[in-house]
Amino acid sequence: MKENSVMLARRLLFLLSLAVALLPFAAQAQSKSPEALVRDNVNEFMEQINGREDYYANNLDELKALVNDSLNDVADFRYIGASVMGSYFRNATPEQRSRFANVFRQTLIDTYTRGLVTFDYDELRVLADQRGQRYEDQASVDMEVVATNGQIYPVSYSLRLSDGEWKVVNVIVNGINLGLTFRNQFDQSMRENNRDYDAVIRSWSPEIGVDELEQGGNA
(Lines give C-alpha, C1' and ligand atoms only; values in the text may rest on other atoms or scores of the structure.)
Protein backbone atom coordinates (compact mmCIF):
# COMPACT_ATOMS: atom_id res chain seq x y z
CA MET A 1 0.00 0.00 0.00
CA LYS A 2 1.38 3.38 -0.95
CA GLU A 3 2.29 5.80 1.84
CA ASN A 4 -0.07 8.49 0.59
CA SER A 5 -2.92 5.98 0.60
CA VAL A 6 -2.15 5.04 4.18
CA MET A 7 -2.14 8.68 5.22
CA LEU A 8 -5.40 9.31 3.38
CA ALA A 9 -7.03 6.37 5.09
CA ARG A 10 -5.88 7.60 8.48
CA ARG A 11 -7.10 11.13 7.76
CA LEU A 12 -10.56 10.13 6.62
CA LEU A 13 -11.01 7.57 9.37
CA PHE A 14 -10.24 10.39 11.77
CA LEU A 15 -12.79 12.63 10.08
CA LEU A 16 -15.43 9.93 10.30
CA SER A 17 -14.84 9.50 14.01
CA LEU A 18 -14.61 13.27 14.52
CA ALA A 19 -18.30 13.53 13.76
CA VAL A 20 -19.16 11.16 16.57
CA ALA A 21 -16.79 12.92 18.95
CA LEU A 22 -18.81 16.11 18.48
CA LEU A 23 -21.90 14.42 19.89
CA PRO A 24 -21.19 15.34 23.53
CA PHE A 25 -21.77 19.01 22.83
CA ALA A 26 -25.10 18.47 21.09
CA ALA A 27 -27.06 18.91 24.31
CA GLN A 28 -25.74 22.42 24.86
CA ALA A 29 -27.48 25.63 23.80
CA GLN A 30 -30.40 23.86 22.15
CA SER A 31 -31.99 27.24 21.38
CA LYS A 32 -29.35 27.68 18.67
CA SER A 33 -29.88 26.70 15.08
CA PRO A 34 -28.24 23.43 14.01
CA GLU A 35 -25.68 25.44 12.00
CA ALA A 36 -24.71 27.65 14.95
CA LEU A 37 -24.66 24.61 17.22
CA VAL A 38 -22.20 22.71 15.04
CA ARG A 39 -20.03 25.79 14.43
CA ASP A 40 -19.74 26.60 18.12
CA ASN A 41 -19.21 22.97 19.07
CA VAL A 42 -16.41 22.47 16.53
CA ASN A 43 -14.63 25.57 17.81
CA GLU A 44 -15.13 24.67 21.46
CA PHE A 45 -13.89 21.11 21.12
CA MET A 46 -10.82 21.95 19.04
CA GLU A 47 -9.82 24.70 21.47
CA GLN A 48 -9.32 21.98 24.05
CA ILE A 49 -6.86 20.20 21.77
CA ASN A 50 -5.02 22.96 19.90
CA GLY A 51 -1.55 23.64 21.26
CA ARG A 52 -1.47 20.40 23.24
CA GLU A 53 -0.90 17.98 20.37
CA ASP A 54 2.60 17.01 21.52
CA TYR A 55 1.44 16.44 25.07
CA TYR A 56 -1.46 14.24 24.05
CA ALA A 57 0.72 12.37 21.54
CA ASN A 58 2.73 11.17 24.53
CA ASN A 59 -0.28 10.72 26.79
CA LEU A 60 -2.85 8.92 24.68
CA ASP A 61 -4.63 7.47 27.70
CA GLU A 62 -5.40 10.98 28.94
CA LEU A 63 -6.70 12.02 25.54
CA LYS A 64 -8.81 8.89 25.32
CA ALA A 65 -10.20 9.58 28.78
CA LEU A 66 -11.05 13.15 27.74
CA VAL A 67 -12.99 11.90 24.73
CA ASN A 68 -14.60 9.09 26.71
CA ASP A 69 -15.74 11.33 29.56
CA SER A 70 -17.21 13.88 27.19
CA LEU A 71 -19.38 11.20 25.58
CA ASN A 72 -20.75 9.63 28.75
CA ASP A 73 -23.84 11.70 29.33
CA VAL A 74 -25.30 12.70 26.00
CA ALA A 75 -24.06 10.48 23.16
CA ASP A 76 -26.80 7.97 22.34
CA PHE A 77 -24.70 5.04 21.22
CA ARG A 78 -27.63 2.67 21.67
CA TYR A 79 -29.41 4.55 18.89
CA ILE A 80 -26.30 4.59 16.72
CA GLY A 81 -25.58 0.93 17.41
CA ALA A 82 -29.14 -0.02 16.52
CA SER A 83 -28.82 1.86 13.24
CA VAL A 84 -25.58 0.06 12.37
CA MET A 85 -27.08 -3.34 13.24
CA GLY A 86 -29.98 -2.55 10.92
CA SER A 87 -32.45 -5.38 10.42
CA TYR A 88 -30.40 -7.64 12.71
CA PHE A 89 -31.20 -5.47 15.71
CA ARG A 90 -34.67 -6.98 16.16
CA ASN A 91 -33.40 -10.53 16.72
CA ALA A 92 -30.46 -9.58 18.93
CA THR A 93 -30.82 -10.07 22.67
CA PRO A 94 -30.84 -6.98 24.91
CA GLU A 95 -27.39 -8.01 26.16
CA GLN A 96 -26.03 -8.29 22.62
CA ARG A 97 -27.49 -4.92 21.68
CA SER A 98 -25.88 -3.28 24.68
CA ARG A 99 -22.55 -5.02 24.14
CA PHE A 100 -22.37 -4.01 20.49
CA ALA A 101 -23.18 -0.39 21.34
CA ASN A 102 -20.29 -0.38 23.80
CA VAL A 103 -17.88 -2.05 21.38
CA PHE A 104 -18.87 0.32 18.58
CA ARG A 105 -18.45 3.30 20.89
CA GLN A 106 -14.97 2.20 22.01
CA THR A 107 -13.87 1.57 18.44
CA LEU A 108 -14.72 5.12 17.45
CA ILE A 109 -13.09 6.60 20.54
CA ASP A 110 -9.87 4.70 19.81
CA THR A 111 -9.87 5.79 16.16
CA TYR A 112 -10.59 9.40 17.07
CA THR A 113 -7.88 9.46 19.73
CA ARG A 114 -5.25 8.21 17.30
CA GLY A 115 -6.44 10.60 14.61
CA LEU A 116 -6.22 13.66 16.82
CA VAL A 117 -2.46 13.29 17.23
CA THR A 118 -1.67 12.27 13.62
CA PHE A 119 -3.96 14.30 11.38
CA ASP A 120 -2.48 17.58 10.11
CA TYR A 121 -5.12 20.19 9.39
CA ASP A 122 -5.15 23.96 8.96
CA GLU A 123 -8.81 24.71 9.42
CA LEU A 124 -12.20 23.31 10.32
CA ARG A 125 -14.92 25.55 8.90
CA VAL A 126 -18.69 25.45 8.81
CA LEU A 127 -19.91 26.75 5.45
CA ALA A 128 -21.73 30.08 5.35
CA ASP A 129 -24.28 28.85 2.79
CA GLN A 130 -26.33 25.97 4.16
CA ARG A 131 -29.14 23.92 2.71
CA GLY A 132 -32.61 24.73 3.99
CA GLN A 133 -34.42 22.33 6.33
CA ARG A 134 -37.03 20.12 4.65
CA TYR A 135 -38.51 19.04 7.97
CA GLU A 136 -38.76 20.77 11.32
CA ASP A 137 -37.15 17.87 13.16
CA GLN A 138 -34.36 17.14 10.66
CA ALA A 139 -31.41 19.23 9.51
CA SER A 140 -28.08 19.03 7.70
CA VAL A 141 -25.00 21.11 8.39
CA ASP A 142 -22.12 21.24 5.89
CA MET A 143 -18.52 21.97 6.79
CA GLU A 144 -15.02 21.44 5.41
CA VAL A 145 -11.76 20.21 6.85
CA VAL A 146 -8.73 21.77 5.18
CA ALA A 147 -5.57 19.65 5.43
CA THR A 148 -2.11 21.21 5.59
CA ASN A 149 -1.46 20.09 2.01
CA GLY A 150 -4.44 22.16 0.87
CA GLN A 151 -6.75 19.23 0.24
CA ILE A 152 -10.34 19.92 1.29
CA TYR A 153 -12.57 17.22 2.75
CA PRO A 154 -16.32 18.00 2.70
CA VAL A 155 -18.25 16.90 5.76
CA SER A 156 -22.04 16.87 6.10
CA TYR A 157 -23.74 16.28 9.46
CA SER A 158 -27.27 14.94 9.75
CA LEU A 159 -29.13 16.05 12.87
CA ARG A 160 -32.54 15.26 14.28
CA LEU A 161 -34.61 16.97 16.93
CA SER A 162 -35.47 14.59 19.75
CA ASP A 163 -37.15 15.70 22.97
CA GLY A 164 -36.29 19.29 22.16
CA GLU A 165 -32.59 18.59 21.57
CA TRP A 166 -30.63 18.54 18.32
CA LYS A 167 -28.34 15.54 18.06
CA VAL A 168 -25.96 14.42 15.34
CA VAL A 169 -27.11 11.04 14.01
CA ASN A 170 -24.99 10.55 10.91
CA VAL A 171 -22.16 12.05 8.88
CA ILE A 172 -21.01 11.97 5.28
CA VAL A 173 -17.30 12.57 4.62
CA ASN A 174 -16.04 13.03 1.07
CA GLY A 175 -19.26 11.39 -0.07
CA ILE A 176 -18.79 8.38 2.23
CA ASN A 177 -21.87 7.78 4.38
CA LEU A 178 -20.65 6.71 7.82
CA GLY A 179 -23.86 5.05 8.98
CA LEU A 180 -24.51 3.20 5.73
CA THR A 181 -20.90 2.04 5.40
CA PHE A 182 -20.78 0.56 8.90
CA ARG A 183 -24.24 -0.98 8.46
CA ASN A 184 -23.09 -2.74 5.30
CA GLN A 185 -19.99 -4.00 7.08
CA PHE A 186 -22.09 -5.35 9.94
CA ASP A 187 -24.33 -7.13 7.44
CA GLN A 188 -21.32 -8.63 5.64
CA SER A 189 -19.81 -9.81 8.92
CA MET A 190 -23.09 -11.43 9.93
CA ARG A 191 -23.22 -13.32 6.64
CA GLU A 192 -19.60 -14.44 6.95
CA ASN A 193 -20.17 -15.62 10.53
CA ASN A 194 -23.45 -17.46 9.86
CA ARG A 195 -25.44 -14.85 11.79
CA ASP A 196 -23.45 -15.47 14.96
CA TYR A 197 -24.01 -12.20 16.84
CA ASP A 198 -21.39 -12.93 19.49
CA ALA A 199 -18.70 -13.69 16.91
CA VAL A 200 -19.47 -10.49 14.98
CA ILE A 201 -19.36 -8.37 18.12
CA ARG A 202 -16.09 -9.93 19.29
CA SER A 203 -14.41 -9.32 15.95
CA TRP A 204 -15.93 -5.90 15.19
CA SER A 205 -13.26 -3.74 13.58
CA PRO A 206 -14.82 -1.41 11.00
CA GLU A 207 -12.73 -0.52 7.99
CA ILE A 208 -13.05 1.92 5.13
CA GLY A 209 -11.40 0.78 1.89
CA VAL A 210 -8.51 2.99 0.77
CA ASP A 211 -9.71 2.97 -2.84
CA GLU A 212 -13.16 4.01 -1.69
CA LEU A 213 -11.72 6.87 0.32
CA GLU A 214 -9.54 8.10 -2.53
CA GLN A 215 -12.42 8.13 -4.99
CA GLY A 216 -14.98 9.42 -2.52
CA GLY A 217 -18.62 8.51 -2.80
CA ASN A 218 -21.97 9.88 -3.75
CA ALA A 219 -23.69 11.71 -0.92
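**A charged residue and its surroundings**

Author: Let's start with Glu144, which is buried at a relative accessible area of 19%; buried means under 20%, exposed over 50%, and partly exposed in between, using a 1.4 Å probe and protein chains only. Before going on, a word on what you're looking at: this is a predicted model, where local features need pLDDT of at least 70 and side-chain atom pairs count only at pLDDT 80 or more, while totals for chains, interfaces and linings use all residues. Residues are numbered from 1 along each chain as its sequence is written, and side-chain values use heavy atoms, with hydrogens and water left out.

Glu144 sits in strand S2. Helices (H or I, at least four residues) and strands (E, at least two) are DSSP runs numbered from the N terminus. Skip the neighbours within four places in sequence, and Glu144 is in contact (heavy atoms within 4.5 Å) with Glu123, Leu124, Arg125, Leu127, Ile152 and Tyr153. A salt bridge here is a side-chain nitrogen of Lys or Arg within 4 Å of a carboxyl oxygen of Asp or Glu. Arg125 counts as partly exposed, at 27% relative accessibility.

How many salt bridges does a search of the whole structure find? It finds five. One of them joins the side chains of Arg99 and Asp198, at 2.6 Å from N to O. That pair also links distant parts of the chain, with Arg99 in helix H6 (residues 94-116) and Asp198 in helix H8 (residues 197-202), 99 residues apart. Arg99 counts as partly exposed at 24% relative accessibility, and Asp198 counts as partly exposed at 26%.

Arg191 is exposed at 57% relative accessibility, while Asp187 is partly exposed at 23%. Shared partners also matter in this set: Glu95, Arg99 and Asp198 are joined into one network of salt bridges.

H7 (residues 178-192) packs against helix H5 (residues 77-85) at an angle of about 60°, with their axes 7 Å apart. Axes are lines fitted to C-alpha atoms, for helices over the stretch in contact, and angles run from 0 to 180 degrees between N-to-C directions. The two helices are therefore oblique to each other; under 35 degrees counts as roughly parallel, over 145 as roughly antiparallel, 65 to 115 as roughly perpendicular, and the rest as oblique. On the H5 side you'll find Ser83, Val84 and Met85, meeting Phe182, Arg183 and Phe186 of H7. By class, this contact has four nonpolar, one polar and one charged residues. (Ala, Val, Leu, Ile, Met, Phe, Trp, Tyr, Cys and Pro count as nonpolar, Asp, Glu, Lys and Arg as charged, and the others, Gly among them, as polar.)

Phe186 turns up again in the largest nonpolar core: of its 36 residues, Phe100, Phe104, Met143, Tyr157 and Phe186 touch the most other members. The largest share of this core, five residues, comes from strand S2 (residues 138-147). A nonpolar core is a set of buried Ala, Val, Leu, Ile, Met, Phe, Trp, Tyr and Cys residues joined through side-chain atoms within 4.5 Å. Leaving aside neighbours within four places in sequence, Phe100 is in contact with Gly81, Val84, Met85, Phe186, Ile201 and Trp204.

Now the loop between H7 and H8, where you'll find Asn194 and Arg195. Asn194 has a positive phi near 55° without being a glycine, and Arg195, also not a glycine, has a positive phi of about 60°. Asn194 counts as exposed at 70% relative accessibility, and Arg195 is exposed with a relative accessible area of 54%.

Finally, zoom out. The protein has nine helices and five strands, in the order α-α-α-α-α-α-β-β-β-β-β-α-α-α along the sequence. Of its 219 residues, 43% count as buried.
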